[in-house]
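User: I'd like to go through the labels on this model one by one. Could you set each value against its definition as we go?

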Amino acid sequence: MTESNHKSQLRRRSNVDIPANFKGKDLEQRRKKLTMQCLLLEVGILFHSIFIGMALAVAVGSEQVILLIAIAFHQTFEGLALGSRIAAVGWCPKDPQPWLMALAYGCTTPLGQAIGIASRNLYDPDSQTGLLVVGIMNAISSGLLTFTSLVDLLSEDFLSDDSWRNLRGTRRTIAFSLVFGGAFGMSLIGAWA
């Protein structure tokens with residue numbers, strides 16, 4: 001395959017605008033970077049989703065209803081964000097990895113619920129040990145998610161050369177507004193739950 005054919009094939013597979021002066025090696029490196037960003041985000045979300053499921057399984061009464069509603073919104077928008085990142089990589093048509101990533105995302109919260117139901121009577125979630133374990137695991141997953149969102153995703157979307165080329169003027173203002181609106185909405189859901 002010649003470099004121009006390879007370059008055009010990588011352009012077709014990717015949903016991200018790629019500058020015309022990129023070489024084949026640069027395109028492949030960009031794809032690898034997007035894949036790594038996707039995997040880091042996926043690991044943080046999967047780890048976090050297991051504990052969300054466990055928290056939902058051990059909740060009772062009206063607390064469970066409120067938590068279920070909050071988690072439904074949270075997981076929906078988290079899934080949309082992850083799905084858009086997975087789609088932006090530009091996978092080969094027969095590559096199973098994006099399908100496996102989507103399947104893993106869909107299975108982790110129910111897996112966490114199963115773990116929570118199975119361990120419901122084995123430990124007291126309000127005990128010192130229970131709170132310590134959940135707190136440490138939530139700290140690890142929130143650290144992964146914070147690092148991925150700030151260092152990999154937002155910096156790429158708003159500080160890279162490509163973003164300055166693609167997001168100008170009103171589009172940039174709208175993009176910033178949408179990010180802050182989404183963060184504010186998720187904060188409201190978190191405060192409510």
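**Labels and their cut-offs**

User: Why is Arg85 called buried?

Analyst: Its relative accessible area is 18%. Buried means under 20%, exposed means over 50%, and partly exposed is what lies in between, with a 1.4 Å probe and protein chains only. Arg85 therefore counts as buried. Two notes on reading this: the model is predicted, so local features need pLDDT of at least 70 and side-chain atom pairs count only at pLDDT 80 or more, while totals for chains, interfaces and linings use all residues. Residues are numbered from 1 along each chain as its sequence is written, and side-chain values use heavy atoms, with hydrogens and water left out.

User: What makes Arg85 and Asp157 a salt bridge?

Analyst: Their closest N and O atoms are 2.3 Å apart. The rule asks for a side-chain nitrogen of Lys or Arg within 4 Å of a carboxyl oxygen of Asp or Glu, so the pair qualifies. Asp157 is in helix α5 and Arg85 in helix α3, so the bridge ties together parts that are 72 residues apart in sequence. Asp157 has a relative accessible area of 29%, which makes it partly exposed.

User: How many salt bridges does that rule give?

Analyst: The count is two. The other links the side chains of Arg31 and Glu28, with an N to O distance of 4.0 Å. Both residues belong to helix α2, three residues apart, about one turn of the helix. Arg31 is buried at 14% relative accessibility, whereas Glu28 is partly exposed at 22%.

User: How do you know what counts as a helix, and how many are there?

Analyst: Helices are DSSP runs of H or I with at least four residues, strands are runs of E with at least two, and both are numbered from the N terminus. On that basis the protein chain has seven helices and zero strands. Of its 193 residues, 34% are buried.

User: Why is the pair of Phe47 and Phe51 called edge-to-face?

Analyst: Rings of Phe, Tyr and Trp (its six-membered ring) pair if their centres lie within 6.5 Å; planes under 30 degrees apart count as stacked, over 60 as edge-to-face, and the rest as tilted. By this rule there are two aromatic pairs. Phe47 and Phe51 have ring centres 5.5 Å apart and planes at 75°, so this pair is edge-to-face. Both sit in helix α2 (residues 24-58), four residues apart, about one turn of the helix. Phe47 is partly exposed at 28%, and Phe51 is buried at 13%.

User: What makes the pair of Phe158 and Phe176 stacked?

Analyst: The rings lie 4.5 Å centre to centre, with 15° between the planes. Phe158 is in helix α5 (residues 128-159) and Phe176 in helix α7 (residues 170-192), so the pair ties together parts that are 18 residues apart in sequence. Phe158 is buried at 9% relative accessibility, while Phe176 is partly exposed at 34%.

User: How do you know that Arg172 lies over the face of Trp164?

Analyst: A charge sits over a ring if NZ of Lys or CZ of Arg is within 6 Å of the ring centre and within 35 degrees of the ring normal. Arg172 is 3.6 Å from the ring centre of Trp164 and is listed as lying over its face.

User: What makes a set of residues a nonpolar patch, and which residues form the one here?

Analyst: Patches take residues with over 30% relative accessible area and no salt bridge; like charges are joined within 9 Å, and nonpolar side chains (Val, Leu, Ile, Met, Phe, Trp, Tyr) within 5 Å. Val65, Ile66, Ile69, Phe73, Phe77, Leu80 and Trp192 form the patch on the surface, with about 680 Å² of accessible area together. Areas come from the Shrake-Rupley method with a 1.4 Å probe, and for residues only the protein chains shown count as cover. Helix α3 (residues 62-88) gives the most, with six residues. Phe77 lies in that helix and is partly exposed at 45%, which is over the 30% that the patch rule asks for.

User: Why is Thr108 called buried?

Analyst: Its relative accessibility is 7%, so it falls under the 20% limit. Thr108 lies in helix α4 (residues 97-119). Thr108 and Leu46 are 62 residues apart in sequence and 6.0 Å apart in space, C-alpha to C-alpha.
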